[in-house]
Each structure stands twice: as C-alpha cells, then as structure tokens.
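Colleague: Could you walk me through this model before I set anything up with it? I'll ask as we go along.

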Amino acid sequence: MKKRIAVSVRNLVEDSFRGGDLSFDTFSQINPVDAIRAHQKIQKSRPVEYTGEVQVKREFETETHVLEVTGRMDGIFRYADRVIIEEIKTTTRALDYYEEFTNPTHWAQLKVYCYIWLMQEGLKEISGQLTYCHLDSGKQKEIINVFNRDDLEKFFLEMASRYLKRITDLERWWEIRDSSIKALEFPFENYRPGQREMAVEVYRTILQKREILIQAATGIGKTMSTLFPAIKAIAEGLSTKIFFLTARTTGKDSAGAAINEMRKKGLRIKTLVITAKDKICFKPDAACSPDECEYAKGYFDRVDEAEERFFHEDSFTGDVIARIAEEHMVCPFEFSLGLSLMADVIICDYNYVFDPRVYLRRFFLEEENDFILLVDEAHNLVDRSREMFSAEIFKQSLLDTRKELNREELPAIYKKIGGINTALNKLKKRCDENGKNIIVETDAPVSLIPSIRGFIKECEEWFALNMKSASKDAVLDLYFRIRTFARILEEYDDAYRSIFEVTGKDFRVKLFCIDPSKRLERTFSKNRAAVFFSATMSPPGYFKRLFGCAADTRNLEIASPFPSENLCLIIYSGISTLFKNRETTKANAAALINPVIDTRKGNYLLFFPSYAYMQMIISLFEAEDKDFEIITQNQGMTGEERDNYLSRFSVSNENTLVGFAVMGGIFGEGIDLVGERLSGAVIYGVGLPGISPERDIIRDYFNETDQAGFEYAYLYPGINRVLQAAGRVIRSEADKGVVILVDDRYRGPRYKSLFPVNWKPVTVKTKEEVERVLERFWAGE
C-alpha cells in the first residue's frame, strides 16, 4: 500500500522551490482583506471567457507514495485557440520592478497550476499569466508565457521529487521519534507530590481537546508535568507540534532542561528555541536586504543545505542555530523560522503565537491545527496580551524622525510624516479645548487613517528600491511602529479605548486593548489544547475570563509538596501601607526590618510596591547602626547588573544581606535562590499596580461588563504579585524561611480568600510579636 500525501500547490512550491534573496517582499505583510478585495475586483473585470476561483486536484504516483496536489487557481481564460491560467499577486512595490521571471516562486506556483490543468485536459501547451496588482493605485502589470508539456512535466517532477525526499526523511525521523516516546518512562525515580496528578490532568486535557488552568506551587515540577504528557501525546497521534510559551529566559531554560532529562532516558525529539531577531542577528546595523547583508543575499539558494542539518541535530538552541547559519551563510533568524516547520517542540516567547506584529503566520493563520500550547507562568499573559494588542504614536518621536531625514533625498516620506503630525495636532486640540491633559474615547481615531496609509505606502515603495540611505534605520523604525498602529486600528472594537494624552510638550495617541479575551480565544480555538500553568493563578475565574476560556474549562490547584512547618507566614497588621498613610507609618515600617534580621543571620529580600516607597524606607533603615549589607534594585538594570545583584545572595556571606526590590519587577519572579541563599522575604503592601489612565479604564470597563472593576484592575493583579514575591522563599524540600505580609488589609477575607490552600498565616500587630514568632520558628518549636 503506497502512502498517500496531500499537499497544497502553495506549500509544495514554498517547501520545494526556493531560490534568490531575502528581500522586502519576504518581510512585508499585506493585509489579507485588502488582497482579497483586489483579487475580486480583477476577477469581476475579466471577459465572459474567464472563470475565477477554480478548484483543482491531481494525483501523481511514485514507487512509494501517492502525492495529491490540490489548489485553487485565481482564474482561467478559455478561448477557442488557447487556454490561459492566471495567478494574481498583490504588491506594494512599483510595478516597474516586475519583469519576466523576476520572482521565480510566483512563476513556479503558476507553472504547477498550468501543469495540472494541461494534464487534466490532455493539452500539449498552455499559457500562464502573472498579474501583479498594486494595492494602492489598483494598476496592473500582466506577464504571459507559453509552456509546453515536456518542460512543465520535467519542472513538476523535479519539484515533487525534492518534496517527497524531504517528506520521506521526515517520516523516517517521525518513526524514530515515536518509537523513543513510546518507550519513554517518567525520567525520575518517583513523582513529587502532586506531580503525577498534574501530568494526568494535562494528558486528559489534550485527549479531550480542552483547556485547563493549573495553579501549582513552586517545587512540584510544573515544566516536566506539562511537557512529559504532551510529548507522549505526539506518539499517540494526538498532536504534531508542541509550543512551550514563556515570558522569561528562565522559562526557556527550564523547558530545555526538562527535555534533556528525558533525552537521558532515551527520548529522541527535535526542539527549537526561537531567539529574538535583534539578539541573534549577525549584522544588527545593516538593513534586512540583499544589498546590505550577505546573509540575506542568496539566502534561498543556500538554506536547503542548511536545513539538511535538521536530521543531524536534536537540540536547536540559539547557539546551535547561529553556528549552522554562519557555516551556510544564511540569516539565523529566518533560518530558525524555517526549522520551526519541522521541529517537534518549539520553545519561544508568547509573542510568536499571539502578537499581531510577529506571530508565526505559517502556523496560526490556519483555521484549525492539532498543536498543543503550554503557557508557562500564565499569570503574565494578561498584561502581556494587553501590550501585544495595543499600540501608540508619540508626536515627539515622529518629529525627531523627521528631523533626521534628508528632505531633498526623501521629500515624499518627509511630507507624509508632516501629514501624520497635522492629524495629531487636530486630536491634541481636543485636550487643549477641554482644558484636560488626558481624554479617553470609545471611538477609534479614524481621522488618522488617511495620513497613516499614505506614509506606509510611500515607505514601502521606497524600501522596494533597496536604496542605501543614512536615514534608512530611522525610517524603518518609524514605519514598523506606524504599521503596527494601523494594524491595531483595523482591529479596533468595543474592547478598546482611545487615549489622547498631553505630557509636557509631547502628545500621544494610544489604542488600548482593555479586554484581550476575544483575541486570545481566537488563537486558542484553532489549536488542539491549551494548558495554562503558574504558581499564581488566583482567582481562576479572573484568568479564565481574560484568556477567553470556555465556561467549563477545568482548573486545578495543587498545594506545595513541601512541609508546611518549613514556612513561617506572618501577617503584620500593625501598619497601613496605603499611599495616604505612608508618611505617618514609615518609621514603623522601617523598624520592622530589625527583628527580622536580628533573629537570624541570613539573606533577606524586601519587596515594595514602588521605587519611591522603597527609597523612603531605605533612608530610615540605613540610619540604623547595624552589622549588615544593603543592596538595592535600580530602575533599568542591565542583565549583568541583575546577575551581580543575585550573586550577592550567597550561603558564604559573613554578614546579613538585605536586598531591596520592587514587586512585579525582575526580582519579583523567575529567580531561584535555593536553600540558605534566601532566609526570608518581607512584602510591603498588597501589590496593587500604580494608578494610571490605563488602570482606571480597566476598572471602569469591567465595572460595566463584570461588576468587578477594582478586582480586575487592581486587586487580582496585585495579589498575584504578592504570591510571586512570596514564592521566592521556599524552593525545595530542604528550604526553610520566613514570609511577612505587611499591611492591615491582609486580615480581611477579601485577601485571605485568595491565599494558596496551604498557607496558614499568624497575624500580629507589633514588632515584638514578630520577634517572638520568629524566635520560636527558628528554634524549631
């Protein structure tokens, strides 16, 4: 029995017929709706001999396979003396750019359609017409060629042979992979408490094509508990690809480490870590064009050979990608995206799945997939998704770019930037006339559309010329920002608000996505299953609502596997950290630190709701003459500064170390200070985000839609910051430590109801009581 393989004409060509450079056409993204309208307009203008949107299917047999090629031709002219197959392509390039055979991929797609129709009708020759349509002007350029049967047959069979070779190689790999997965046992001798339950629920979710929210305490082994059952599902034919989505580098590292543990037990699986373009690019100062980058020039001539390395490596980390890309002189970022089509597990940031600017269209434009989405530290997805679905324009940034331009060199672009500025000035007048620095409206700022479209059009026509210019980077940067704004503007609906804000001499227009649920649900619904997991997913109903989950989505809470007596949890209700009370309570807040560090020498982290409050307490605490060291988180710390800060938390410190940090920042989650590297954490306040126009918009919106405005805007985001900060203390079975929650609001049921099930806090009012509780705890009483 020969194996049957179905492939679309487009995929056959894209996978098997590649050549030439990475160019502006490669990177540009035409709105599908605009392209469809252009196609329809052309098709309606054709004569009576023309039929549009013609479905075709043809089977071709080899010794081992039956290849079923399907597609939909844009149109066919049936004249008495000849047949012409038409392929329509929309473009933003000037039409003069396109000459005969300029784009070999376009011609290859047309030639496959011509071959299928020629074989179906028994013709000896056939004509093919490429019609390029300029999106803005609507003008067309038609290029016709005549093909004979022999040439088309040779062309097609060579392409099909290349395609089947790649498929055959992949099939061999899938057999090796699936065999290893079926033989794979859990990589550790025993499951940790709660770990088996979590793995079982994840597999059940995949089997039933559902979603699940899992709140599991640190130490359970969440990463292994999600990846192990998901990988098992691949061998059962339930899925062809896993996306492990994370917001932090530490999450990527954890996923890689978990898979490596399984590899030690015999697992064979291809993993790909997608590294951000700006971090992996070999020539960051050059434009992504064949004229400026040798890795873009001739990229498609060399990438096939580079991709053959897929069958000789299993783990494609950023370093491995860079090494192979350098050897074969190909762009490392585009190379990694190409490998993603073959990889079994893709480890990447959230934005490669959700962000309309950079998401992997090759996967998520499809109506339905069998992919498994594992969303690590899913509590971060709420704010990250709002950022991804929002966009803004700053007037001053626009003017700064305009100043950098050579007006004589780029007069049209210079003028179009001025047009956007004029439109912004008209919007700014609304603030001026109302005497307000900020105005929020439900309607989209549609008055910006003409000037924005004009700017985008001029930029794309200039980029297509691949001209060198000192202004190119500045124009590119502004172009991408404006194009993002235009794309979000097209998506604008009742889940958005328009913010017009004057700040000093600057003015911004922001399209703010309040409720990302509809857009997230659109992605999740296309895939087989989604697993959201984190140590902090409280309350689950809040996250289900904002992720767009179905009403019957399961949620699972797994308590900490570590002895509860190892954590001393204190609610210090003696002070209020409300902004209006901070000045009067700051002395008591600073004094609380002393009994904590006096009771036991060690390393401590102190978390604050803001930098201003943190500095207020530091100024008082530093005045104390104590034998300890202080380190402070600063705004805008580099990666090296972050690492240096964490390295100070050493078990060999001679003196007590007190680290000051901000909740929700780089030290509030994603760090692992195991054992005596961290003795305790003092958390000031209830973690509420700072007041801002956006937060107030969220409050007002969810007051109206869910009668939970304060909860969605402030309370729930705040408590999850608190839980993340508290989670830094107990990281392993041997860890023992202290968490002190400083605020009288923690006494009430509103906050206690959101605590993890295993938390058993002791409430005190004075620092003397704190000292007594800590002495008993450290004494083991």
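Modeller: Gln-707 counts as exposed, because its relative accessibility is 61%, where exposed means over 50%. Please keep in mind that this is a predicted model.

Colleague: Where is the place of Gln-707?

Modeller: Gln-707 sits in the loop between α26, which covers 693-706, and α27. The phi angle of Gln-707 is near 55°, which is a positive value in a residue other than glycine.

Colleague: And what about Lys-209, what is its phi?

Modeller: Phi of Lys-209 is near 55°, again positive in a residue that is not glycine. Lys-209 belongs to the loop between α6 (195-207) and β7 (211-216), and with a relative accessibility of 54% Lys-209 counts as exposed.

Colleague: Which residues does the cis peptide bond join?

Modeller: The cis bond joins Ser-538 and Pro-539, with omega at about -5°, and Pro-539 itself lies in the loop between β17 (529-534) and α21 (540-547).

Colleague: Which residues is Phe-532 in contact with, leaving aside neighbours within four places in sequence?

Modeller: With those neighbours left aside, the contacts of Phe-532 are Glu-211, Ile-212, Leu-213, Ile-214, Val-375, Ala-378, Leu-381, Phe-524, Met-537, Phe-547 and Cys-549.

Colleague: Is Ser-679 buried or exposed?

Modeller: Ser-679 is buried, because its relative accessible area is 7% and buried means under 20%. Ser-679 is placed in the loop between β22 (656-662) and β23 (680-684). Not counting residues up to four places away in sequence, Ser-679 touches Lys-601, Gly-602, Asn-603, Tyr-604, Val-729, Lys-736, Gly-737, Val-738 and Trp-778.

Colleague: And Asp-96, buried or exposed?

Modeller: Asp-96 counts as exposed, at 67% relative accessibility, and its place is in the loop between β4 (83-91) and α4 (104-121). From C-alpha to C-alpha, Asp-96 and Pro-47 are 26 Å apart in space, while in sequence they are 49 residues apart.

Colleague: Let's zoom out, then. How many helices and strands does the protein have?

Modeller: The protein has 29 helices and 25 strands. Its radius of gyration is 30 Å, close to the 28 Å that the globule rule gives for 781 residues, so the protein is as compact as a globular protein of that length. Taken along the principal axes, the C-alpha atoms fill a box of roughly 100 × 70 × 45 Å.

Colleague: What share of the residues counts as buried, and what does the accessible surface come to?

Modeller: Of the 781 residues, 56% count as buried, and the accessible surface of the protein comes to about 34,600 Å², with 47% of that belonging to carbon and sulfur atoms. As for contacts between residues at least 6 apart in sequence, 78% of them join residues at least 24 apart.

Methods. Residues are numbered from 1 along each chain as its sequence is written. This is a predicted model: local features need pLDDT of at least 70, side-chain atom pairs count only at pLDDT 80 or more; totals for chains, interfaces and linings use all residues. Side-chain values use heavy atoms; hydrogens and water are left out. Contact means heavy atoms within 4.5 Å. Helices (H or I, at least four residues) and strands (E, at least two) are DSSP runs, numbered from the N terminus. The radius of gyration is taken over C-alpha atoms; the globule rule is 2.2 Å times the number of residues to the power 0.38. Buried means under 20% relative accessible area, exposed over 50%, partly exposed in between (1.4 Å probe, protein chains only). Accessible areas come from the Shrake-Rupley method with a 1.4 Å probe; for residues, only the protein chains shown count as cover.
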